[in-house]
Amino acid sequence: MSMTDPIADLLTRIRNAAKESHDKVEIPASRLKANVVRVLKEEGYIKNFRLHRDEGKPMIKVFLKYADSGESVIRGIRRISRPGLRRYAGYEEMPRPLSGAGVAIVSTSKGVMTGNKARTAKIGGEILCEVW
């Protein structure tokens, strides 16, 4: 069965695993998903990730990060642009989730990056998701 929104599937798997306090979660891999997970690691929302093959299929293993109290570092994760309604923004109107406490992950012509980096580089793009 084909999946219509693989990024939403990635975010849902991470959200559900964090809610259940799992150490890791495995996700079918793609280049875009790997770049989104790389940004999550750079911003400190996950411990690490690893690309590997499981029975010939590429997979991403995401190691989730928790605070000392056992609470997930990811408080919320939400898909913004979706196949039925694409959301784009220029660098001037790049969103700042929770007044800068969260990050927007943006797909630009220079690759996948945070909204702050896109604003600094003065490039716009598709707003994939917000994480806080």
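A: The structure, which is a predicted model, holds one cavity of 30 Å³ or more. Local features here need pLDDT of at least 70, side-chain atom pairs count only at pLDDT 80 or more, and totals for chains, interfaces and linings use all residues. Residues are numbered from 1 along each chain as its sequence is written, and side-chain values use heavy atoms, with hydrogens and water left out.

Q: What makes a space a cavity, and how much space lies in the largest cavity?
A: On a 1 Å grid over the protein atoms alone, a cavity is a set of points where a 1.4 Å probe fits but cannot get out. Its volume is the space filled by probe spheres set on the points, which are joined across faces, edges and corners, and for the largest cavity this comes to about 40 Å³.

Q: Which residues line the largest cavity, and how many of them are nonpolar, polar and charged?
A: Lining residues have an atom within 4 Å of a point, and here they are Pro95, Arg96, Pro97, Gly100, Gly102, Val103, Ala104, Gly115 and Asn116. Four are nonpolar, four polar and one charged, where Ala, Val, Leu, Ile, Met, Phe, Trp, Tyr, Cys and Pro count as nonpolar, Asp, Glu, Lys and Arg as charged, and the others, Gly among them, as polar.

Q: Why is Asp9 called buried, while Phe63 is called partly exposed?
A: Buried means under 20% relative accessible area, exposed over 50%, and partly exposed in between, with a 1.4 Å probe and protein chains only. Asp9 has 18% relative accessibility and therefore counts as buried, whereas Phe63, at 21%, counts as partly exposed. Asp9 has its place in helix α1 and Phe63 is found in strand β3; helices (H or I, at least four residues) and strands (E, at least two) are DSSP runs, numbered from the N terminus.

Q: What makes a group of residues a nonpolar core, and which members of the largest one touch the most others?
A: A nonpolar core is a set of buried Ala, Val, Leu, Ile, Met, Phe, Trp, Tyr and Cys residues joined through side-chain atoms within 4.5 Å. The largest has 27 residues, of which Ile14, Ile46, Val62, Ile105 and Val131 touch the most other members. Helix α1 gives the most to this core, with six residues.

Q: How do you know that β2 and β3 pair?
A: Two strands pair if DSSP finds at least two bridges between them, and β2 and β3 are joined in the antiparallel sense over eight bridges, with Arg53 standing opposite Pro58 in β3. Strand β3 also pairs with β1, again in the antiparallel sense, over five bridges, and there Glu26 stands opposite Lys61.

Q: What makes the phi of Glu55 worth a remark, and is Glu55 buried or exposed?
A: Most residues other than glycine have a negative phi. Glu55, in the loop between β2 and β3, has a positive phi of about 55° although it is not a glycine. With a relative accessible area of 76%, Glu55 is exposed. Ser21, in the loop between α1 and β1, has a positive phi as well, near 60°, but at 45% relative accessibility Ser21 counts as partly exposed.

Definitions and conventions
On a 1 Å grid over the protein atoms alone, a cavity is a set of points where a 1.4 Å probe fits but cannot get out, and a pocket is an open set with protein on both sides within 12 Å along at least five of seven lines; lining residues have an atom within 4 Å of a point.
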